[in-house]
Amino acid sequence: IIEKSYDLQPLQIVGKNFMDVNGKIFTPWGANYTGTNELRLVDDNWTDPANWEIIQQDIREMKGLGINVIRIHLQYNRLMMDAVTPNQQYLSRLGDLLSFAGIYGMYVDITGLGAYVKEEQPAWYDSMDEQARWATQAIFWNAVASVAKNHHNIFCYNLMNEPVTPSSNTTIWLPGNGFGGFYYVQYITRTPNGRTWDVVTRSWIDSLKNAIRSEDTRTPVTVGFLGLGVVTIFNDQLEYNSPHVYPDGNNLQAAYDFVANNQSDHPLVIEETSWFNSSYDETEDFIFKPEVVVKPKT
């Protein structure tokens, strides 16, 4: 793969499609870039020259696979030195990664506020109430946008991976037992106090999106929702929808129904999918044959 200047320009959303500067429909085809065999999580120590070389080589390999969007995950505890102070060295490396991906003609989905390693979350962050937590999360996103706005290859700002609201007040921020040692689902409040998940989520989106828009008025904002229910109810706040759908081999129809039920006048991007709960062939059909209607297995 030869390095060259692709001169990427910001994508535009026109109806249900992403369009490039020439008016051609852009179909995102990407990969989650979280951890590798050599790196536990990509941004754990990405300022280290040896780790940075691994990241660069991975980007080259992703280009060779025909990928046009890389999804990166930024951890809160790596970017924020305390509740109000972003890590400038970290932000500088973020800028390096965005530039390097652009050299290879790839856009970047920036997913933020990762809290994937439970025991590494700062005590002061865990002890915050909802108001303080949202305030420091807004600082996080404002800092990211201040760097990313200078690049033309930002696909989106994804506020958080799989945020949820508990059904009643709780004392934790990271529910469940994790998956493979990582906690991918995160509460956005510990004290719903009778508020429904959509009410809490709306307020939270407004808080973080306002922080982004004070720096970057152009780049689409989305949320990587679990593939449950109807996410189009946030269309007035989010530029497009990016749910996570993992087809169940025992009921593939549910995955197709989710996609059908979330059609709207906004683009719909299945941001995550895989064959965790289905066969490779079943997942391939879900991706490439959306017109197929299947019946649940008996």
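Me: How many nonpolar, polar and charged residues does the lining of the largest cavity have?

Reply: This is a predicted model, in which local features need pLDDT of at least 70 and side-chain atom pairs pLDDT 80 or more, while totals for chains, interfaces and linings use all residues. Residues are numbered from 1 along each chain as its sequence is written, and side-chain values use heavy atoms, without hydrogens and water. On a 1 Å grid over the protein atoms alone, a cavity is a set of points where a 1.4 Å probe fits but cannot get out, and lining residues have an atom within 4 Å of a point. Here the lining has 4 nonpolar, 3 polar and 1 charged residues; among them are Pro10, His151, Ile154 and Arg218. The space in this largest cavity is about 40 Å³.

Me: Which residues line the second largest pocket?

Reply: A pocket is an open set of points with protein on both sides within 12 Å along at least five of seven lines. The lining includes Pro163, Val164, Trp197, Thr201 and Phe225, and the pocket has a volume of about 190 Å³. By class, the lining has 8 nonpolar, 3 polar and no charged residues.

Me: What is the strand order of the open sheet of 3 strands?

Reply: Strands of a sheet pair through backbone hydrogen bonds, either parallel or antiparallel. Strands are DSSP runs (E, at least two residues), and two of them pair if DSSP finds at least two bridges between them. The order here is β1-β2-β3, with antiparallel pairing. β1 (12-14) and β3 (25-26) each have a single partner strand, so one side of each lacks a neighbour in the sheet.

Definitions and conventions
Grid points are joined across faces, edges and corners, and a volume is the space filled by probe spheres set on the points. Ala, Val, Leu, Ile, Met, Phe, Trp, Tyr, Cys and Pro count as nonpolar, Asp, Glu, Lys and Arg as charged, and the others, Gly among them, as polar. Helices (H or I, at least four residues) and strands (E, at least two) are DSSP runs, numbered from the N terminus.
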